[in-house]
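Here are my notes on the model, as numbered points.

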Amino acid sequence: MVTVKINGKEITVEDNTLILDAARHAGYEIPTFCYQADLVGIGSCRMCLVEIEGQRKLQPSCVTPVLHGMAINTETPTVMSARASMLEFLLANHALDCPVCDKGGECELQDMVYKYGPHKGRHAEPKFKFQEKDYALSPVIIKNSNRCVQCLKCVRVCREVVGANVLGALGRGDHQEETSFFRHFLDCDQDGNCIEVCPVGCFMRLPYRYKTRPWDLKGADTICQWCATGCRMVIEERDGVLIRSKAQFGVGLNSETLCARGRFGNDSMTRAERLKTPLVRRFGKLEPASWQEALAVIKDNVPSDGERIGGIASPRLTNEELYLFQKLFRNVFGSANIDSSARWDPDAVEAFIKAASMDAGGVSVFDCMESETVIVIGSQVSDENPVTDYIIRRISAGRRMNLVIASPRAMKLDSSANLKIRHTAGKAGALLESVILSFNSARVAGTGGLEDMASGRLASVTSEAGVDGEAVESLARKLKSSGSVAIMAGTDFLRFPEGIAKLGLLKDLLKSSGKKVSVLPLLDRANQRGAWEMGVHPSLGPAYARAKQKGLGTDEMLEAVSKGALDFLYIAGSDVASMYPDEGVATAALGRARFLVVQDTFMTDTAKFAHVVLPGAAFGEKEGTFTNQEGRAQAIRRLMHPPGKAKPDLDIIRAIGERFDPSFGPKNFVLALDEIRSGNRMYSNVSLAFNNKKNSDNRLDSKEALVQGAGASDLEAKEFAQKPSAESAEYPFRLITGNHLFHSGKGTMRSETLSGLLKAAVVEISEEDAASLGLKNGDRVRVKSKDYAAVVTLRTARGSKNAHAFLAENFEDCPVNRFLRRGEGPPMVSITRA
């Protein structure tokens with residue numbers, strides 16, 4: 001710790017604290033343009049200059065650390081004059097077009113000139129102009145370089161945080177321009193973080209252009225709905241239309257970053273195609289009905305035998321809605337047939353929960369990044385959880401640590417890794433077993449037959465995983481030399497559950513070796529963890545407690561519907577027909593349903609089969625909480641009311657329950673959260689008071705939001721075996737799936753902005769495979785399995801594993817679940833020129 005004086009006020013701060021941060025800690029604000037907490041300081045804007053007693057020159061506070069005994073002055077006449085002079089220089093060439101600039105009203109340059117700057121300019125020379133007309137850098141980013149203040153935040157956030165590195169500075173001095181090399185469309189993530197950090201109107205969002213002024217917007221602080229990272233954000237509307245989404249400044253683990261989905265994908269909420277009234281099927285056609293009619297029809301068709309009733313809820317619903325959903329089934333209908341994972345086997349989910357120690361409580365991503373070795377496996381994190389990728393990249397760049405990426409596909413985060421392992425899709429378990437055997441090789445050395453047996457098994461599983469022995473040994477060495485290890489395990493373990501047991505075994509082995517071990521699940525739905533912890537699972541109640549009666553999961557419910565053993569199926573927010581990993585099985589079952597109720601915001605493929613359709617609310621039209629992948633419970637807030645006669649999902653579930661039990665409740669989300677706190681040990685201390693608390697000293701980790709451990713649990717982890725993929729010369733590619741960078745499920749396809757970024761499906765293969773087939777990036781190709789074929793555009797990737805093809809699960813023009821078969825491994829396909 002060091003003691004310094006700032007404007008005569010003595011304070012004590014940690015070593016290496018920047019003068020800027022120390023001054024803010026003392027209550028003194030220092031203006032900046034180029035400073036950003038998550039970026040490497042460059043001290044270029046000179047707005048943060050301060051006086052240090054004993055030094056002749058002013059010093060930039062954003063790059064100068066405090067020293068013990070230092071006396072600093074931040075508001076002397078010399079300092080104030082320097083700030084005014086810097087602003088005058090900036091204004092010498094700055095376009096004075098505030099009345100038409102989208103940044104007007106929230107421009108940092110405006111604010112600083114008002115507070116610090118000269119109020120009369122002395123420069124009479126003609127201003128230099130970069131261009132006469134703004135130009136687009138992408139479908140979502142538009143540029144006006146005449147307004148630039150040369151802070152370079154856009155370039156640095158693109159390189160240091162996002163990892164795209166597609167922006168640079170062209171020219172020098174006052175002719176320097178931050179843009180793309182060709183001043184044309186960027187091949188990037190389209191996340192708009194360059195817009196977010198820009199202090200002026202240089203980088204602007206194209207969908208927002210000329211639509212409104214910030215003072216005309218009504219906003220709500222909430223959580224992003226598109227993945228389980230749990231980014232804090234603000235959504236804003238005007239006249240009932242959602243206009244803009246932006247990161248909530250100074251609050252949340254995401255700092256000031258969002259991905260493309262979070263920033264541009266929420267316009268789907270105010271699309272005209274929204275469901276606005278209940279629909280009841282009459283004479284084979286869905287027709288508008290009142291809520292009373294719809295609820296009466298539902299009540300008349302609910303059988304008295306709970307075993308003939310089933311429910312599937314979306315992991316995008318709030319904790320309170322999910323809790324009430326399982327309460328409706330277990331306490332009112334007397335049914336244990338509930339699930340929240342239309343894509344995953346519930347036994348695999350239970351095994352994954354145990355392997356990831358999710359019942360032990362929340363694990364912070366920042367604590368994981370303090371480990372000496374971090375392994376990312378089973379997740380295309382750069383696409384599935386982009387802001388988690390940003391966090392990993394930023395922190396790993398600033399400290400000495402091992403970052404290991406294990407994946408069949410290349411990803412953007414590879415550039416930050418010091419070990420990349422490309423394993424065969426669906427064989428993460430074989431890879432982990434090979435690491436376990438290599439880690440333990442010293443224990444069996446010199447044992448003769450036992451050593452030979454272990455060596456033989458190691459060779460076998462290494463070959464099965466499709467990796468070379470040196471990569472396995474390298475990872476084992478890193479684990480041996482590390483005192484702490486974090487494993488970030490993704491949803492591929494649920495897609496291919498054979499690897500779950502090995503994940504748990506590696507965790508236990510490392511712990512038994514005296515290492516500190518953390519496991520962070522990387523999930524792709526906003527409240528998937530919350531759904532499991534609320535008890536929307538056929539075997540588990542709230543807080544992962546063993547349910548009194550084991551029910552049917554999605555697989556078994558669809559099978560029971562097909563056989564006529566399940567008469568009533570209630571699906572809330574989940575598009576089973578589109579997302580179940582075998583479209584034929586799902587649609588055949590839904591088509592045979594005796595009575596199907598679907599509750600959703602749009603007319604989905606599943607809703608088209610329904611006998612009753614109930615219009616629900618989007619995330620910005622209701623109150624509640626989400627629990628992210630870390631176990632961090634956070635609040636979402638209502639911005640507007642649902643359209644037409646649509647209702648919040650909590651009200652719909654409660655209304656159905658009240659038809660059978662007038663006392664069914666709770667009545668609102670506050671009472672529901674209170675009931676959750678009182679009955680769910682993991683949530684007993686959850687407080688929402690932290691949600692809008694500013695991050696102090698750039699600390700992004702609000703530990704009070706993390707859920708507690710469930711206590712003693714009896715989770716089971718059985719072994720899994722899928723039918724292996726039948727490899728052949730006719731179908732040489734192993735097809736894998738997941739979310740595209742711009743999409744999450746099918747919901748983001750309702751976003752006009754995101755669908756404009758990529759309208760149709762693409763298939764990705766390695767550059768080597770494309771070359772061997774005589775194909776190139778952008779060609780139209782036919783992807784064919786033994787059961788289905790589709791024509792899509794080809795994308796090539798450098799560094800992906802050969803003989804693998806990736807097709808995202810998000811596109812309606814190429815439903816990937818037509819290639820998949822229930823209970824089987826990755827399908828084998830061929831790729832030929834169309």
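1. Strand β19 (residues 402–406) runs parallel to β20, and three bridges join the two. Within this pairing, I405 has K420 of β20 as its bridge partner. Strands are DSSP runs of E with at least two residues, helices are runs of H or I with at least four residues, and both are numbered from the N terminus. Two strands count as paired if DSSP finds at least two bridges between them.

2. This is a predicted model, in which local features need pLDDT of at least 70 and side-chain atom pairs count only at pLDDT 80 or more, while totals for chains, interfaces and linings use all residues. Residues are numbered from 1 along each chain as its sequence is written, and side-chain values use heavy atoms, with hydrogens and water left out.

3. The β19 and β20 strands belong to an open sheet of five strands, ordered β20-β19-β18-β21-β22 with parallel pairing. Its edge strands, each pairing on one side only, are β20 (419–421) and β22 (516–522). From one strand to the next the twist averages 15°.

4. An open sheet of three strands has antiparallel pairing and the order β11-β12-β13. The twist averages 25° from one strand to the next. Six bridges pair β11 with strand β12 (residues 232–238) in the antiparallel sense; G219 has E236 of β12 as its bridge partner.

5. The loop between β12 and β13 holds D239. D239 is not a glycine, yet its phi is positive, at about 55°. Most residues other than glycine have a negative phi, and most peptide bonds are trans.

6. P666 lies in the loop between α23 and α24 (669–679).

7. How do helices α8 and α23 cross? The axes of α8 (residues 319–333) and α23 (residues 649–660) come within 9 Å and cross at roughly 15°. Axes are lines fitted to C-alpha atoms, for helices over the stretch in contact, and angles run from 0 to 180 degrees between N-to-C directions. The two helices α8 and α23 are therefore roughly parallel to each other (angles under 35 degrees count as roughly parallel, over 145 as roughly antiparallel, 65 to 115 as roughly perpendicular and the rest as oblique). The crossing of α8 past α23 is left-handed, that is, the near helix is turned anticlockwise from the far one by less than a right angle.

8. Residues making this contact (heavy atoms within 4.5 Å) include L324, F325 and L328 of α8 and L650, I653 and F660 of α23. The contact of α8 with α23 divides into nine nonpolar, one polar and four charged residues. Ala, Val, Leu, Ile, Met, Phe, Trp, Tyr, Cys and Pro count as nonpolar, Asp, Glu, Lys and Arg as charged, and the others, Gly among them, as polar.

9. The axes of helix α2 (residues 77–93) and helix α3 (residues 108–116) come within 10 Å and cross at roughly 135°, which makes α2 oblique to α3. The crossing of α2 and α3 is left-handed. Among the contact residues are M80, R83 and L87 of α2 and L109, M112 and Y116 of α3. The contact of α2 with α3 has nine nonpolar, no polar and one charged residue.
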